[in-house]
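Reader: I am new to reading protein models. Could you walk me through one, step by step?

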Amino acid sequence: MPDDPDPSASRRFFWLRGAPAPRRQTLRRRYDALVIGGGLAGCSAALHLAAGGARAALLEGDRLAAGASGRNTGMLVAGYAPGPGQLLERFGAERAAISWQISLDAMALVHELTQRYGIDCALARSGSLYAAWDAEDMDEFADELAARRAIGAGGELLDRAALQRRVQAPHLHGALFSPEDGMLNPAALVRGMADAAAACGADIREGARVTEVEEDAGLVRARYRSGQDEGELIAGHVILATNAYA
Ligand SMILES: Cc1cc2nc3c(=O)[nH]c(=O)nc-3n(C[C@H](O)[C@H](O)[C@H](O)COP(=O)(O)OP(=O)(O)OC[C@H]3O[C@@H](n4cnc5c(N)ncnc54)[C@H](O)[C@@H]3O)c2cc1C
């Protein structure tokens with residue numbers, strides 16, 4: 001990509017291909033809130049803070065979405081790593097249903113934010129297919145569908161013929177269709193939220209790694225390194241959105 005503003009990022013991560021030049025906004029000395037980390041969590045936090053009227057700064061040590069948010073599969077799926085059956089078993093129908101609904105609310109928030117702020121992240125509500133390689137998988141999916149129904153979640157079991165009408169995959173036995181799911185470009189969502197946060201007044205600096213955070217008389221004092229420069233800022237609150245990196 002000859003006119004790529006940041007070829008180093010593109011070389012590293014597929015989703016960062018075509019990423020714009022880094023944001024290097026001038027930072028003030030004092031903020032209501034400091035967000036450390038520019039992934040999905042950090043950019044969403046900065047957006048919600050700034051949209052709510054707080055004076056917010058976001059410092060990202062690398063590029064926006066350089067962490068898990070720019071390296072993931074881009075699936076927007078209902079539920080959690082433990083499936084509906086495990087949720088049901090561990091928490092009972094009522095609480096499992098609430099937790100499932102929370103995941104649907106999170107997905108709805110993504111749709112709402114992309115619409116409200118005009119974020120183009122190739123979001124598609126396509127549904128997803130959990131593929132069954134054999135009859136045993138289909139039995140498991142039948143159990144999962146029963147668990148889904150028990151907690152008010154959607155789903156449809158597709159036998160081989162029904163699956164073939166949707167995708168050309170003759171080697172598969174069937175599938176479980178999960179209707180609410182979809183796909184998106186996660187780095188574009190991160191950048192879109194950062195753009196929206198900046199438009200709401202947040203200051204965003206990429207390439208600014210926070211090296212120290214300490215409490216000081218009820219405030220937070222943070223030091224950061226940005227290229228050869230070092231800086232310090234003070235905030236009323238800090239949000240650590242660094243994932244497992246710090
Ligand atoms: C391989 C893989 C596939 C996945 N697939 C999916 C999927 O399909 N669907 C899904 O919903 N989830 C998926 N996930 C999970 C999802 O990507 C993460 O839950 C999500 O991206 C976490 O976002 P985050 O903002 O918390 O962290 P991150 O995106 O990791 O952001 C943390 C940021 O903090 C920055 N940082 C760290 N330390 C400092 C510091 N001292 N100063 C400044 N900045 C700092 C990092 O550079 C980084 O950019 C997947 C994860 C992986 C790893």
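Author: Let us start with Ala65, which is buried because 30 other C-beta atoms lie within 10 Å. The rule is that a residue is buried if 20 or more other C-beta atoms lie within 10 Å of its own, exposed if 12 or fewer, and partly exposed in between, with C-beta atoms placed from the backbone. Before we go on, this is a predicted model: local features need pLDDT of at least 70, side-chain atom pairs count only at pLDDT 80 or more, and totals for chains, interfaces and linings use all residues. Residues are numbered from 1 along each chain as its sequence is written.

Reader: Where is Ala65 found?

Author: Ala65 is in the loop between β2 and β3 (75–76). Strands (E, at least two residues) and helices (H or I, at least four) are DSSP runs, numbered from the N terminus. The phi of Ala65 is near 65 degrees, a positive value in a residue other than glycine.

Reader: Is Ala217 buried or exposed?

Author: Ala217 is exposed, because 6 other C-beta atoms lie within 10 Å. Its place is the loop between β9 and β10 (219–226), and its phi, near 50 degrees, is again positive in a residue other than glycine.

Reader: Which residues is Ile204 in contact with, leaving aside its neighbours within four places in sequence?

Author: Two residues are in contact if their C-beta atoms, placed from the backbone, lie within 7 Å. With those neighbours left aside, Ile204 is in contact with Arg23, Gln25, Ala46, Leu58, Ala194, Ala197 and Ala198. Ile204 belongs to strand β8 (residues 203–206) and is buried, since 26 other C-beta atoms lie within 10 Å. Ile204 and Gln25 are 179 residues apart in sequence, yet their C-alpha atoms are 5.7 Å apart in space.

Reader: How many residues surround the ligand?

Author: A residue is near a molecule if its C-beta atom, placed from the backbone, lies within 6 Å of it. Here 27 residues surround the ligand, and the closest are Gly37, Gly39, Gly67, Ser69 and Asn72. The largest share of this shell, three residues, comes from α2.

Reader: Which domains does the chain have?

Author: Domain bounds come from an automatic or database domain assignment. For this chain, the assignment gives domain 1 (9–71 + 186–240) and domain 2 (76–183). Their contact takes five residues from domain 1 and six residues from domain 2. The centres of the two domains, taken over C-alpha atoms, are separated by 33 Å.
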